[in-house]
Amino acid sequence: MLPRIAQHATRAAARAAPRSVIARGMATEKQIWNQIQSTKNIQKITSSMKMVSAAKLKGDEGRRMTAISFNNWADALNGPPQVVEDATFEELPQRSLIVTLQSDKGLCGGINSFITKSVKNCVTELQKQGKEADIAVIGDKGRGQLRRFYPELIQVSMTEVMSPGNFTLASALASELIAAGAGDYDAVVLMYNSFKNAATYTQMYKVIKPFSGEGEDEPLLAYEF
C-alpha cells in the first residue's frame, strides 16, 4: 500500500513542477568569426567565377563578330532571318523540318524554354494552315522539353554538341540532318537565339529551301564561271 501511495505522490509532484524551457543561446564570438570567414571565401569564389565567365563571354563575342562577315552571303541565297515573335509562318511550304538550336545544360533566362515556346507556336500555326512539320532537336534540354509536347514529331535529336561552334561542327550537324532525311522536306527552318548582349537575345528563324530550279530560278547563277 505504501509504495503505491509513494508512486502517486511522485507523479503528482512531477506534474506540478514547472517544465523547463529550452532556450537557444547566443552564438559565440568564434562562431560568428567563422561564419564571416566562410562568407568571405564564398565571395572570393564567386568573384573568380565572374572573371572566368567574363573572359569566356568576351571570347565568344569575338568569334561571333568574326563569323558574321562570313555568313552574310547566306542571306543572298535564302533571305535574311526573321523574328519569331508575331510571325505567321505563311511563307513556309507544305512540309518543313524545324531544327532547334538549344543547349545540353540548363541555362538561365529561359534560353531553352523560349525556343521551345517558339516551336510550339510555329507548329500550331502550320497545323492551322493545313501544313506539316517535323522537328529535329540539337541539345538535350530542348529534347526533354519538346518530348513532352510533340514526341511523335521529333525525327532526330543530337546531344553533347561541343562548343564553340565552327565550320567543322556545322558540317557534322548538317551531315546528320541529311542522313536523317532533311532532303525530303520542302524547307528546313532553323530556330535559334540571336545574341544582343549578356541579358538580351531574340528568337529568330531562318528558312532554307533546296537549291533546285531551272532558267531564272536556277540557284547560284552569280557564282558560275
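This is a working chat about a predicted model of one protein chain.

Colleague: What am I looking at, and how are residues numbered?
Modeller: Residues count from 1 along each chain as its sequence is written. The model is predicted, so local features need pLDDT of at least 70, side-chain atom pairs count only at pLDDT 80 or more, totals for chains, interfaces and linings use all residues, and side-chain values use heavy atoms, with hydrogens and water left out.

Colleague: What does the chain average in pLDDT?
Modeller: The average is 80, and 80% of the residues score at least 70. pLDDT is the predictor's confidence in each residue, from 0 to 100.

Colleague: Which elements have the lowest and highest mean pLDDT?
Modeller: Helix α1 (residues 2-16) has the lowest, at 54. Strand β2 (residues 95-101) has the highest, at 91.

Colleague: How many helices and strands are there?
Modeller: Six helices and six strands. Both are DSSP runs, numbered from the N terminus: helices are H or I with at least four residues, strands are E with at least two. Along the sequence the pattern reads α-α-α-β-β-α-β-α-β-α-β-β.

Colleague: What is the strand order in the sheet?
Modeller: The order is β1-β6-β5-β2-β3-β4, in an open sheet with mixed pairing. Strands pair if DSSP finds at least two bridges between them. The edge strands are β1 and β4 (154-158), each pairing on one side only.

Colleague: How does β6 pair with β5?
Modeller: In the antiparallel sense, over nine bridges. A hairpin joins the two strands through two residues. Asparagine 197 stands opposite threonine 200 in β6.

Colleague: And how many bridges link β1 and β6?
Modeller: Two, again antiparallel, between β1 (residues 82-83) and β6 (residues 200-208). Valine 83 stands opposite methionine 204 there.

Colleague: Switching to serine 194. Buried or exposed?
Modeller: Buried, with a relative accessible area of 18%. Buried means under 20% relative accessible area, exposed over 50%, and partly exposed in between, using a 1.4 Å probe and protein chains only.

Colleague: Where does serine 194 sit, and what does serine 194 touch?
Modeller: Serine 194 is in strand β5 (residues 187-197). Leaving out residues up to four places away in sequence, serine 194 touches Tyr201, Thr202 and Met204. A contact means heavy atoms within 4.5 Å.

Colleague: How many aromatic pairs are there?
Modeller: Two. Rings of Phe, Tyr and Trp (its six-membered ring) pair if their centres lie within 6.5 Å; planes under 30 degrees apart count as stacked, over 60 as edge-to-face and the rest as tilted. Phenylalanine 89 and tyrosine 205 form a tilted pair, 5.0 Å centre to centre with 50 degrees between the planes.

Colleague: Why does that pair tie together parts 116 residues apart in sequence?
Modeller: Because phenylalanine 89 lies in the loop between β1 and β2, while tyrosine 205 is in strand β6. Phenylalanine 89 is buried at 1% relative accessibility. Tyrosine 205 is buried too, at 4%.

Colleague: What about phenylalanine 114 and tyrosine 201?
Modeller: Their ring centres are 6.4 Å apart and the planes are at 50 degrees, so the pair is tilted. Phenylalanine 114 is in helix α4 (residues 111-128) and tyrosine 201 in strand β6, so the pair ties together parts 87 residues apart in sequence. Phenylalanine 114 is partly exposed, at 39%.

Colleague: Which charged ends sit over rings?
Modeller: Arginine 95 sits over the ring of tyrosine 185, with its charged end 4.3 Å from the centre. Lysine 120 sits over the ring of phenylalanine 149, at 4.1 Å. The rule needs NZ of Lys or CZ of Arg within 6 Å of the ring centre and within 35 degrees of the ring normal.

Colleague: Last topic. Which residues touch the most other members in the largest nonpolar core?
Modeller: Phe89, Val119, Ile135, Met191 and Tyr205, out of 22 residues. Such a core is a set of buried Ala, Val, Leu, Ile, Met, Phe, Trp, Tyr and Cys residues joined through side-chain atoms within 4.5 Å.

Colleague: Which element gives the most to this core?
Modeller: α4, with five residues. Apart from this core lies another of 11 residues, among them Val99, Ala136, Ile138 and Val188.
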